[in-house]
Amino acid sequence: MVQNLITAVGDASAPVTARTFDDSGLLGAAAEGRVRSRSRAVLLARRPGFVLASLLVAFVIVAAFAPTLFTHHDPYATAPAERLRSPSGAHLFGTDELGRDLWTRTLFGADLTVKAALIAIAIGLCAGLLLGVVSGFLGGFFDALIMRVVDVQLAIPGMLLALAIVTALGFGTIPVAIAVGVATIPGFARTARAEVLRVKTLPYVEAARAGGGSWPRVLIRHVLPNSWGSVLSLAVLDFGTAIIAVAALSFLGFGAAPPRAEWGSLVAGGRSFLVTAPWVSLLPGAVVAATVLALNHIAQTLREVRR
């Protein structure tokens, strides 16, 4: 197979890639790849659930970085005369026990929660991708060593590991983000390793090596770009998981100190009013649930379209 691919181009010194030939040795794989990408984009655009989930996630991310675009209230301004008001036109989510606008505090809570989840995913993605690529590409001793370390970490429940890390680092949004990020590393490492092992045995990778390409060049130009799909789907899925983990740690009191708002602390703050003012906990909790479900739907749709 490799020799046929090299002969087809007439120059053994020129690297043969998936962008030049497909498995049958026919020119045009790049055009086929562009057609498939456009077809996937059209399929995604035709799915109302995917579009709605994407719009919701986009709104949450924009609100996390610019919450003042969607509210004119001060998230820290108290108004005892307005305490525990039910949702209305003036206060979309009602008010809390201090009369603060709950919609505004939910938007500002996205600032800390979503950014902490993004930091966590960045940590897990970078570290896990590095470990998975090194393990799958080098193999042998390095593969065995890295995977045994990953297996040990997988044996520890993610939330328990995050609790141990945040206890050691101290309370706050950044320690929570680091703790959650470390807990997500094994999943990224195993997924990246599996994809690298699959891609590096494909004919065009062997042809690139036989054509004179060095291992670093083959890794950067061929293996990594074609291993990214599953890792990206996992990143979207784990983004929702990270939001839940960050909110859970904030609910337990490990997040930012009051009066800073986080989604978990907002839910925790309304526990004493579940009977008299259930919206104080339920509405911020509904935002968390809707965001995570939207991310899960996006990840699942991306996996289906890639098949």
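Guide: Let us begin at the surface, where Leu138, Phe141, Phe142, Leu145 and Val149 form a nonpolar patch with about 530 Å² of accessible area together. This is a predicted model, in which local features need pLDDT of at least 70 and side-chain atom pairs count only at pLDDT 80 or more, while totals for chains, interfaces and linings use all residues. Residues are numbered from 1 along each chain as its sequence is written, and side-chain values use heavy atoms, with hydrogens and water left out.

Visitor: What makes residues a patch, and which helix gives the most to the nonpolar patch?

Guide: Patch members must have over 30% relative accessible area and no salt bridge; nonpolar side chains (Val, Leu, Ile, Met, Phe, Trp, Tyr) are joined within 5 Å, and like charges within 9 Å. Accessible areas come from the Shrake-Rupley method with a 1.4 Å probe, and for residues only the protein chains shown count as cover. Helix H5 (residues 140-154) gives the most, with four residues. Helices here are DSSP runs of H or I with at least four residues, and strands are runs of E with at least two, numbered from the N terminus.

Visitor: Why is Leu145 called partly exposed?

Guide: Leu145 lies in helix H5. Buried means under 20% relative accessible area and exposed over 50%, with partly exposed in between (1.4 Å probe, protein chains only). Leu145 has a relative accessible area of 45%, and is therefore partly exposed.

Visitor: How many aromatic pairs does the structure hold, and why is the pair of Phe93 and Trp103 called edge-to-face?

Guide: The structure holds five aromatic pairs. The ring centres of Phe93 and Trp103 are 5.1 Å apart and their planes stand at 75°, so the pair is edge-to-face. The criterion is that rings of Phe, Tyr and Trp (its six-membered ring) pair if their centres lie within 6.5 Å; planes under 30 degrees apart count as stacked, over 60 as edge-to-face and the rest as tilted. This pair links distant parts of the chain, ten residues apart: Phe93 is in the loop between helix H3 (48-65) and helix H4 (102-138), and Trp103 is in helix H4.

Visitor: Are Phe93 and Trp103 buried or exposed?

Guide: Phe93 has a relative accessible area of 14% and is therefore buried. Trp103, at 16%, is buried as well.

Visitor: What makes Phe141 and Phe142 an edge-to-face pair?

Guide: Their ring centres are 5.8 Å apart and their planes are at 70°, so they too qualify as edge-to-face. Phe141 has 60% relative accessibility and therefore counts as exposed, whereas Phe142, with 45%, is partly exposed. Elsewhere, ring pairs link Phe59, Phe70, Phe93 and Trp103 into a cluster.

Visitor: Which residue forms a salt bridge with Asp143?

Guide: Asp143 is bridged to Arg193, with the closest N and O atoms 2.7 Å apart. This pair joins distant parts of the chain, as Asp143 is in helix H5 and Arg193 in helix H7, 50 residues apart. Asp143 counts as buried at 13% relative accessibility, but Arg193 is partly exposed at 23%.

Visitor: What is the distance for Asp151 and Arg190?

Guide: Their closest N and O atoms are 2.8 Å apart, and they form a salt bridge. Asp151 lies in helix H5 and Arg190 in helix H7, so the pair ties together parts that are 39 residues apart in sequence.

Visitor: Why is Glu195 called buried, and what does the side chain of Glu195 make with that of Ser230?

Guide: Glu195, found in helix H7 (residues 173-199), has a relative accessible area of 12% and is therefore buried. The side chains of Glu195 and Ser230 make a polar contact at 3.4 Å. Such a contact is a pair of N or O atoms within 3.5 Å; within protein, one must be able to donate a hydrogen and the other to accept it, and residues adjacent in sequence count only if both atoms are side-chain atoms.

Terms used. A salt bridge is a side-chain nitrogen of Lys or Arg within 4 Å of a carboxyl oxygen of Asp or Glu.
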